[in-house]
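Subject: Structure handover

Hello,

The structure you asked for is below, followed by notes on what was found in it. Please read them alongside the coordinates.

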Amino acid sequence: MKKQGYYSSGEFSRMAHVTLRTIRYYDKQNILKPSYVSESGARFYTEDDLARLQQILLLKYLGFSLDDIREMTIDDTDYRFMLNSLNIQLKLVRERIEQMQLVENAITDTAKAIEDHHTIDWSQMLNLIHLTGMESSLKNQYQNASNISARIHLHQLYSQNPKGWFPWIYENCGIQDGMRILEIGCGDGTLWTSNAWKLPRNVSITLSDISEGMLRDARRAIGSEDSRFSYLSFDCHQMPFPDRSFDLVIANHVLFYCEDIPQVCREVSRVLKDDGYFLCSAYGKQHMKEVNQLVQDYDPAIRLSAEALYERFGKENGASILSPYYNFVQWIPYGDYLLVPEAEPLISYILSCHGNQNQYILDRYKDFRSFVSQKTEKGFHITKDAGIFLCEKVTNL
């Protein structure tokens with residue numbers, strides 16, 4: 001017997017404008033399972049399944065494999081999940097459009113060069129090969145953008161400090177008219193979009209990230225017409241700037257990811273002007289400890305990070321790491337905590353972490369969601385143990 005609000009496989013395929021064979025194939029591949037299977041084996045789908053199918057079809061169009069799609073979609077249609085997913089997919093579409101425009105220009109230029117000179121410009125051919133191979137970066141771009149969005153979203157929703165992390169960071173930067181500023185690991189540029197109205201007119205800000213995709217996100221968010229900003233992708237272990245180039249260097253949640261932290265500190269000191277400042281954020285060992293305990297209570301095998309980032313560079317050891325390169329190092333704590341009353345944003349945060357959680361959660365997602373819902377029912381308290389080191393450059397180092 002058909003249940004109200006459920007559609008047969010045939011009805012569902014017609015609604016989605018795909019073949020019944022496609023629906024059956026996604027079921028077999030464990031990418032889109034039916035919401036209900038009758039005793040006779042008939043499969044039925046809902047409008048929630050249609051929303052999930054939208055994600056699958058767009059990601060498939062963008063070139064992702066079915067294995068990729070299985071990892072990148074979640075069986076949840078809470079409106080916040082869906083809105084976040086649509087925003088990330090929109091970024092991917094824009095990314096693909098930009099890439100295809102570059103490919104079109106490269107093909108046109110290469111063809112014209114061959115027509116005009118009757119010879120092949122191999123540097124142009126290599127550039128073309130590079131551009132047509134850029135699709136492989138889209139998965140990382142999707143995951144990076146999704147992860148950053150999930151983390152920022154949780155803090156924006158439930159942080160109890162009314163100032164907010166990014167306005168607080170900006171306040172401690174002490175930005176004044178005429179300053180030259182470098183941000184390493186700028187991500188999607190949220191520090192600047194969150195404080196755009198405060199920014200002086202006469203400043204020069206270089207945004208950098210090792211990911212060219214993240215820089216494109218930042219440029220889109222800030223607007224390419226804002227001449228105060230320039231964008232450059234490089235590895236912060238070797239910065240492509242002369243000595244004493246900047247009044248301020250910012251590294252927001254970056255140093256603990258660097259392979260050689262002392263080398264990055266030396267490079268920052270080198271590119272800072274005398275009496276310039278380095279502002280770098282860090283976590284302490286108590287940061288988000290309740291989230292780690294939550295997933296451990298669900299399954300002791302889950303690790304949200306392969307290593308404790310605060311052990312590489314954190315509140316407890318940051319001053320000793322920084323002090324050889326700066327003659328003034330001050331820790332400034334950010335007083336805050338989270339109070340989370342619902343499961344979905346917390347689950348998004350958990351799934352965004354760099355550990356092994358997806359191996360243990362995705363196949364048991366509904367059970368995990370029920371578990372987290374019980375924990376958040378009366379408000380789930382999460383400790384925030386974060387802040388910044390504000391460092392003044394050592395002269396004549």
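Isoleucine 250 has a relative accessibility of 0% and so counts as buried (buried is under 20% relative accessible area, exposed over 50%, partly exposed in between, with a 1.4 Å probe and protein chains only). This residue sits in strand β7, residues 246-251; helices (H or I, at least four residues) and strands (E, at least two) are DSSP runs, numbered from the N terminus. Leaving aside residues up to four places away in sequence, isoleucine 250 touches Cys173, Ile181, Leu182, Glu183, Ile184, Leu191, Trp192 and Leu279, where contact means heavy atoms within 4.5 Å. Its C-alpha atom is 9.9 Å from that of tyrosine 170, a residue 80 places away along the chain.

This is a predicted model, in which local features need pLDDT of at least 70 and side-chain atom pairs count only at pLDDT 80 or more, while totals for chains, interfaces and linings use all residues. Residues are numbered from 1 along each chain as its sequence is written, and side-chain values use heavy atoms, with hydrogens and water left out.

At the start of α11, a side-chain oxygen of aspartate 260 comes to within 3.2 Å of the backbone nitrogen of glutamine 263.

Next, a helix pair. Helix α1 (residues 9-16) packs against helix α3 (residues 47-61) at about 50 degrees, with the axes 11 Å apart; axes are lines fitted to C-alpha atoms, for helices over the stretch in contact, and angles run from 0 to 180 degrees between N-to-C directions. That makes α1 oblique to α3 (under 35 degrees is roughly parallel, over 145 roughly antiparallel, 65 to 115 roughly perpendicular, and the rest oblique). Phe12, Met15 and Ala16 of α1 meet Asp49, Leu50 and Leu53 of α3. Of the residues in this contact, five are nonpolar, none polar and one charged (Ala, Val, Leu, Ile, Met, Phe, Trp, Tyr, Cys and Pro count as nonpolar, Asp, Glu, Lys and Arg as charged, the others, Gly among them, as polar).

Finally, backbone angles. Histidine 17, in the loop between α1 and α2 (20-28), has a positive phi near 60 degrees although it is not glycine. Histidine 17 is exposed, at 74% relative accessible area.

Regards

Conventions. Polar contact = N/O pair within 3.5 Å; in protein donor to acceptor, adjacent residues only side chain to side chain.
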